[in-house]
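Here are a few notes to read alongside the structure, written for someone opening it for the first time. Have a look around before going through the points.

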Amino acid sequence: MDTLEIQKDKTDAQQAKAVATLTGSQILLNGLIAEGVDTIFGYPGGAIMPIYDALYDYNDRLKHILVRHEQGATHAAQGYARTSGKVGVVFATSGPGATNLITGLADAQIDSTPMVCITGQVFAHLLGTDAFQETDVINITTPVTKWNYQVTDASEIEEVLAKAFYIASTGRPGPVLVDITKNAQIQMAEYFGYQKCDHVRSYKPKPEIRKSYIEQAAELINKAEKPFVLFGQGILLGNAEQEFKAFVEKSGIPSAWTILGAGAIPTDHPLNVGMLGMHGNYGPNVLTNECDVLIAIGMRFDDRVTGRLDKYAKQAKVIHLDIDPAEIDKNVKTTVPVWGDCKETLPMLTELVQQKTHDAWLQKFRDFAQQEMDQCIDAEINPKEGELSMGEVINQLNQLTNGDAVIVTDVGQHQMVACRYAKFNNTRSNITSGGLGTMGFALPAAIGAKFGAPDKDVVAVIGDGGFQMTLQELGTIMQSKVDVKIIILNNQFLGMVRQWQELFNDKRYSFVDITSPDFVALAKSYYIDGQRISERNQVKDALATMLEHKGPYLLEIMVKKENNVFPMVPQGCSVSEIRLK
Amino acid sequence: MESQIEKQEYNITVYTENQIGLLNRIAIIFSRRKLNIESLNTSPSEVNGIHRFNIVITETEEVVRKVARQLEKQIEVLKVYYNTNADVIWQEMALYKVPTDVIAEQVSVERLLREHGARAVVIRNDYTVFEATGHREETDKLVEVLQQYGLIEFVRSARVAIIKASDGFHSKLKEFEQREPGDEVVENQYLNNRDKVFTM
């Protein structure tokens with residue numbers, strides 16, 4: 001293969017002299033390698049066949065994971081991106097292949113996950129003719145992509161791919177889709193060697209930092225008596241965990257996390273006061289409405305975090321650090337906007353803030369935590385009798401993993417319980433669908449998470465409902481021998497909707513009663529070991545067996561059918577109206 | 001604060017790259033929020049290769065500001081401004097088709113047209129097409145008048161607007177092309193005026 005030569009001779013190639021004539025498909029694959037891609041999640045089909053044909057020769061350099069549904073490819077790419085910090089890559093064919101990507105694109109868009117999806121498209125001369133497997137992928141995906149582009153000529157591929165990776169991974173990251181017509185995949189073009197993109201004239205990944213706002217923010221923080229930090233995924237996306245830790249430790253400010261911010265500092269850190277939002281911790285919610293300065297870092301005031309907006313932190317001065325200018329003042333009016341990459345703004349702020357402790361204020365959080373423990377948590381994680389609870393499973397899991405595992409969750413009650421009670425020592429270890437709330441996310445995302453963090457234990461915690469949305473990915477786990485541990489917390493209900501129906505719809509259980517197959521037998525049919533348990537005294541051993549097992553394992557745990565996740569901020573209520581039961 | 005609460009006409013000026021699909025990307029930012037675009041014009045700008053959208057919506061300042069931010073976030077959008085009618089010079093063009101015999105018979109029509117600054121574009125035996133340029137009320141007024149004389153067809157163009165305070169886009173584009181852009185490019189008119197909008 002002469003393509004190998006191209007990689008070596010990159011500098012020569014950049015002298016604008018064509019070193020080879022390659023097909024569009026080969027140019028694409030060379031580009032992926034040059035971008036440092038090692039894993040692709042995909043599914044072949046008619047319109048992407050030339051790329052798959054080329055891939056046949058690149059098998060030694062690009063690992064391709066054959067999924068069982070294109071949606072699975074997107075979630076796997078998301079899981080990969082979240083654990084590795086790299087861009088997730090997806091291949092899919094035109095028409096139904098591409099439309100199956102929509103859910104994952106929307107999820108990645110709202111959760112700012114860097115992803116590049118390559119879709120095949122019908123021949124350029126057939127565009128708009130209702131050709132076989134033709135859909136208007138660009139227009140369908142426009143609202144759910146950071147950027148998208150249709151390539152109809154092989155000569156465009158290199159530049160567009162470089163732009164795609166640049167846009168997906170910089171600034172506020174997000175999904176990018178490149179649609180390539182079949183003729184462009186086949187067509188020969190002169191190849192000059194791959195050049196990464198580092199500038200797009202109309203795109204500014206980072207807003208310029210204004211020192212005056214940093215100074216104003218520091219002044220507010222230094223004067224504050226009850227400052228409170230809210231942190232989100234922006235810290236992880238900006239690789240600013242150390243900078244963040246330095247900031248909170250110097251300023252001594254109690255800090256609470258959004259669901260995607262979990263792990264930015266360890267769960268056990270003395271200044272980590274817990275989770276925000278609808279099913280977050282008691283203190284962080286109540287005290288949001290008591291603090292005098294609210295410092296939001298890399299989070300976007302989602303409605304699940306704020307509850308009723310007109311009763312949200314009205315007493316507080318708000319400092320908002322974000323890389324995305326569109327987030328400032330979107331939901332909560334800011335007193336001081338600190339635009340910019342928090343990796344740069346946090347150290348500037350840390351330098352200006354005074355070394356302080358806020359013992360009395362921090363104690364308030366601890367008092368609320370104690371109240372929450374007594375009235376709510378203890379019964380959930382240490383029940384002595386009755387059916388198993390989800391919380392005790394997670395609690396036992398913590399003791400076995402010591403908080404070092406990557407926990408991938410689906411959506412619903414088990415997700416809230418897992419995020420509340422799982423211990424996260426490390427960054428990038430809580431993988432969940434936050435903004436979109438995509439049921440079916442966890443199983444494929446766990447596959448990707450394992451490829452992104454091969455040295456970590458990856459444990460997927462999934463409900464009986466969500467598991468049945470993407471269970472075909474057991475086939476991927478089987479074929480690619482992906483070492484993921486799957487815990488199904490089976491309450492035989494679509495639990496979160498049931499909880500709402502119980503609390504707000506008078507227990508009118510409308511279509512939340514869901515039956516399941518024999519999950520263990522199902523796993524077995526995919527040659528995946530597993531077992532089902534329902535007794536308290538089995539939990540620890542079963543979890544240990546699962547973790548020690550070589551290769552994938554499925555553990556189904558029957559839990560209490562009608563258990564509710566508390567605390568809860570009912571919809572339409574203020575965060576200070578959070579209920580403990 | 002009042003301007004934030006009261007709805008009024010805003011002229012949104014969007015400087016963009018020339019890219020297929022961008023019109024859709026821009027349009028869905030409005031439709032997703034159920035905002036009605038009252039007028040949309042795309043044209044070249046004073047800078048070669050840079051396109052300019054003029055969009056008119058009636059909304060509160062707060063909604064318009066958020067939309068402007070979302071627009072500017074799009075990869076191929078270079079810069080977005082929003083202005084009230086007082087801050088721009090704006091024009092719309094209208095065409096009116098009326099029966100020639102009526103015009104020929106009634107001298108008053110000609111006088112009327114002159115009063116409204118209209119001019120004939122085409123004169124045929126069967127019909128005549130007039131053109132008038134001005135503000136909405138002006139072109140509307142002429143419709144009313146011509147109805148009496150058998151107005152056959154009427155059409156009005158989208159609004160084009162020039163920002164009174166703008167120095168044009170040449171210098172801005174230079175900043176965009178630099179790797180390390182200055183304050184102005186990175187944003188933003190709103191930040192500069194922030195003190196007027198919010199107080200600490």
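1. First, a reminder: what you're looking at is a predicted model. Chain A is divided into three pieces, with domain 1 covering 3-191, domain 2 covering 211-364 and domain 3 covering 387-559.

2. In an unreviewed entry, it lists residues 23-138 of chain A as "domain: Thiamine pyrophosphate enzyme N-terminal TPP-binding". That span, 23-138, is 41% helix and 18% strand, and its end C-alpha atoms sit 23 Å apart.

3. The other UniProt feature, also from an unreviewed entry, is "domain: Thiamine pyrophosphate enzyme TPP-binding", placed at residues 410-557 of chain A. Here the make-up is 39% helix and 17% strand, with 15 Å between the end C-alpha atoms.

4. Now for domain 2 and domain 3 of chain A. Their centres, taken over C-alpha atoms, are 31 Å apart. Where they meet, domain 2 of chain A puts in 20 residues and domain 3 of chain A puts in 18.

5. How much area do domain 2 of chain A and domain 3 of chain A bury between them? It comes to about 1500 Å², and 56% of that is on carbon and sulfur atoms. On the domain 2 side, the residues losing the most area to domain 3 of chain A are Ile259(A), Thr267(A) and His279(A), which together account for 34% of what that side buries.

6. What about polar links across this contact? Between domain 2 of chain A and domain 3 of chain A, the count is one salt bridge. Lys423(A) forms a salt bridge with Asp268(A), and their closest N and O atoms are 3.3 Å apart. Eight residue pairs are in polar contact between the two domains. As for the residues of domain 2 of chain A that touch domain 3 of chain A, they divide into ten nonpolar, six polar and four charged.

7. Finally, zoom in on Thr170(A). You'll find Thr170(A) in the loop between helix H9 (157-169) and strand E7 (175-181) of chain A. Its side chain reaches the backbone oxygen of Tyr166(A) at 2.5 Å. The side chain of Thr170(A) also makes a polar contact, at 2.8 Å, with the side chain of Tyr203(A). Leaving aside residues up to four places away in sequence, Thr170(A) touches Lys146(A), Tyr203(A) and Pro205(A).

Methods
Residues are numbered from 1 along each chain as its sequence is written. Chains are lettered from A and ligands numbered from 1 in the order in which they are written. This is a predicted model: local features need pLDDT of at least 70, side-chain atom pairs count only at pLDDT 80 or more; totals for chains, interfaces and linings use all residues. Side-chain values use heavy atoms; hydrogens and water are left out. UniProt positions are given in the numbering used here, feature names are shortened, and annotations may be inferred rather than shown by experiment. Helices (H or I, at least four residues) and strands (E, at least two) are DSSP runs, numbered from the N terminus. Domain bounds come from an automatic or database domain assignment. Contact means heavy atoms within 4.5 Å. Buried area is the accessible area (1.4 Å probe) that two parts lose on being put together, summed over both. A salt bridge is a side-chain nitrogen of Lys or Arg within 4 Å of a carboxyl oxygen of Asp or Glu. A polar contact is a pair of N or O atoms within 3.5 Å; within protein, one must be able to donate a hydrogen and the other to accept it, and residues adjacent in sequence count only if both atoms are side-chain atoms. Ala, Val, Leu, Ile, Met, Phe, Trp, Tyr, Cys and Pro count as nonpolar, Asp, Glu, Lys and Arg as charged, and the others, Gly among them, as polar.
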